[in-house]
Amino acid sequence: MRVTDTSDLWWKSAVIYCLDVETFYDADGDGTGDLEGLAQRIDYLAELGITCLWLMPFYPSPDRDDGYDLTDFYGVDPRLGNHGQLVEVIRTAHDRGINVIADLVVNHTSDRHPWFQAARRSTSNRYRDHYVWRDTEPPDTSKLVVFPDREDSIWELDDRTGEWYLHNFYKHQPDLNLANPEVVDEILRVVGFWLELGFDGFRVDGIPFLEQNAKNIGDPALVVDPHELMRTIRGFLNRRAGHAMMLGEVNLAHPQQLDFFGGDSADELQMQFDFIGMQATYLALAREDAGPIVTALQERPAIGVTCQWATFLRNHDELTLDKLGDAERAEVFAAFGPEPEMQLYDRGLKRRLPTMLGGDPRRIRMAYSLMFSLPGTPTLYYGEEIGMGEDLAADGRMAVRTPMQWSAGRNGGFSTAAPSRLVQRVVPGACGPEHVNVVSQVHDPDSLWSFMRKLISIRRTCPELGWGTWSVVDQPSAQVLVQRCQLDGSAVVTVHNLGADPVTVDVPIDPRDDGLEAVDLMAEEVVTGAATTRVALEGYGFRWLRVRPAGDLAIP
């Protein structure tokens, strides 16, 4: 691997941080986070070590689905600021070495979008074909709905025209007709517009529903080939900005994920979230057994050199467990979300990691160390670096979309507004800002924030984890995961104890016996020059070892 490759394909070595502008920092005191506030906090992200900032939707919206119900693909919601302030955010981030990506919502719009308002005026309106309609009563589609507590069908009758429109999400989010070339052309204009403004790529929303539509829409004229669409967007994206990337939300089986990478051609998505690996990690944590993680990683399909998996423990939605079997999902529920109010739609959890792990700092740190050690690109959700919890009283997914906790002061330092005016209340209780906040952690060397900053720093010195060849080192203890990532004669070996009991394991360092040594990256010291080292781990303990030529004075 050449040094220049790591910048050409920057996403393979990135550390991604996702945030919602409206809940990050409120600079003008109106109770809603804004772009001015985000610009003031870019240095905080740089200090943490973040290299890619992912912005959740900031577009004009009625905000009935946290901004994913947009009314203007080209706009900035005036509650958050304006285009000039957005450019300031992007420019400041770039100055600090941080790339910025935006949510690209291609599946649907708000029912208040001007296109849909026009489309429902008559069946002959020019925007009618921007959406998916049928003139006969649809069959029962209750098993396909995303939100079973709110919807009972993916079709909704429009009384004015007497036809039904498709909506894979809420009825106020009609699906776009992506088989219409005019719609695709408009999406490409949207991509081009935001690239011109300085964005470095997109997180593409709702891709599995493009696949679902291809199977469930009866009219062949309305069926879009989702792979052709991804190739079209990818081709346009890289013509306009060769460095830009697309990160896909593709919660599908591995063969389908491979297809969305573009298979051997690698001409669709450059990145995809590893939902299967994430769910296997929670099963492994629940069992205190590394087996599910090993299985998930070994079953990952081989992908092209320009492609990458995004690893994560939490995102902005419910923590979905839909790829686990019923019995496996019940195990995770029992371990981390036994109460009904902690669960969502019988398929996921509305909790954050610290509360799921009972606030145990050893286990929390081990879990993040484990996630960062997996082959791929680590992705954090805002507040994870300080151990924020959730608000179980909030509706559905909003439980984990609470204001960022900057200090122990009023509203957690998020806003000077009256608490009643906040876009959402801050987390109450033991994980609230009185106990969990940035100010109390950034200068505490023993805090979770300081640990995460060091972990990010170590991860950024380990290109093997983004580029190398992964293998698992067999161990007699089921609670221990030993991984090795090899690249161009160097390697990183990580050891994680998923169990509460101490354990000692023998870790091979130099199988070729040609003078390698191991450096403990956490302690920054040489631990062995032997072919094998014995590692004693406390309960939930872990080690990161850099394998290098003996006596090498290079940076570990």
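**A residue and its contacts**

Guide: Start at Gln 483. Beyond its neighbours within four places in sequence, Gln 483 is in contact with Leu 297, Leu 370, Ser 373, Leu 374, Pro 375, Trp 470, Ser 471, Val 492, Val 493 and Thr 494. Keep in mind that this is a predicted model. Gln 483 belongs to strand β16, which covers residues 480-487. Is Gln 483 buried or exposed? Its relative accessibility is 1%, so Gln 483 counts as buried, the cut-off being under 20%.

Ala 253 sits in a loop, between β8 (245-248) and α9 (254-261). Its relative accessible area is 32%, so Ala 253 is partly exposed. Once residues up to four places away in sequence are left out, Ala 253 touches Ile 276 and Lys 323. Ala 491 is 238 residues away from Ala 253 in sequence, and the two C-alpha atoms are 30 Å apart.

Now the rings. Two numbers describe a pair of aromatic rings: the distance of the centres and the angle of the planes. How many aromatic pairs does the structure hold? It holds 31. Take Tyr 44 and Trp 449 as one of them: the centres are 6.3 Å apart, the planes make 35 degrees, and the pair is tilted. This pair joins distant parts of the chain. Tyr 44 is in helix α3 (residues 42-48), Trp 449 is in helix α16 (residues 448-460), and 405 residues separate them. Tyr 44 and Trp 449 are both buried.

Turn to Trp 133 and Tyr 165. Their ring centres are 5.8 Å apart and their planes stand at 70 degrees, so this pair is edge-to-face. Distant parts of the chain are linked here too: Trp 133 is in strand β4 (residues 133-134) and Tyr 165 in strand β6 (residues 163-166), 32 residues apart. Trp 133 has a relative accessible area of 10%, so it is buried. Tyr 165 has 4%, so it is buried as well.

Go back to Tyr 44 and Trp 449. Both belong to one aromatic cluster, together with Tyr 17, Phe 24, Tyr 25, Tyr 381, Tyr 382 and Trp 406. Tyr 382 also meets a charge. The charged end of Arg 352 sits over its ring, 5.3 Å from the centre. Another ring of this kind is Trp 467, with Lys 12 over its face at 5.0 Å from the ring centre.

Last, the largest pocket. It holds about 630 Å³ of space. Its lining has 31 residues, and those nearest the centre are Val 146, Pro 208, Phe 209, Asn 251 and Arg 347. Which elements give two or more residues to that lining? They are β7 (201-205) and α7 (207-216). The largest share is from α7, with six residues. By class, the lining divides into 14 charged, nine nonpolar and eight polar residues.

Definitions and conventions: Residues numbered from 1 in each chain as written. Predicted model: local features only at pLDDT ≥ 70, side-chain atom pairs only at ≥ 80, totals over all residues. Heavy atoms only, no water. Phe/Tyr/Trp six-rings, centres within 6.5 Å; stacked < 30°, edge-to-face > 60°. Helix = DSSP H or I, 4+ residues; strand = E, 2+ residues; numbered from the N terminus. Buried < 20%, exposed > 50% of the residue type's maximum accessible area, 1.4 Å probe, protein only. Lys NZ or Arg CZ within 6 Å of the ring centre and 35° of its normal. 1 Å grid on protein atoms, 1.4 Å probe; cavity = no way out; pocket = protein on both sides within 12 Å on 5 of 7 lines; lining within 4 Å. Points joined across faces, edges and corners; volume = space filled by probe spheres on them. Nonpolar A, V, L, I, M, F, W, Y, C, P; charged D, E, K, R; others polar. Contact = heavy atoms within 4.5 Å.
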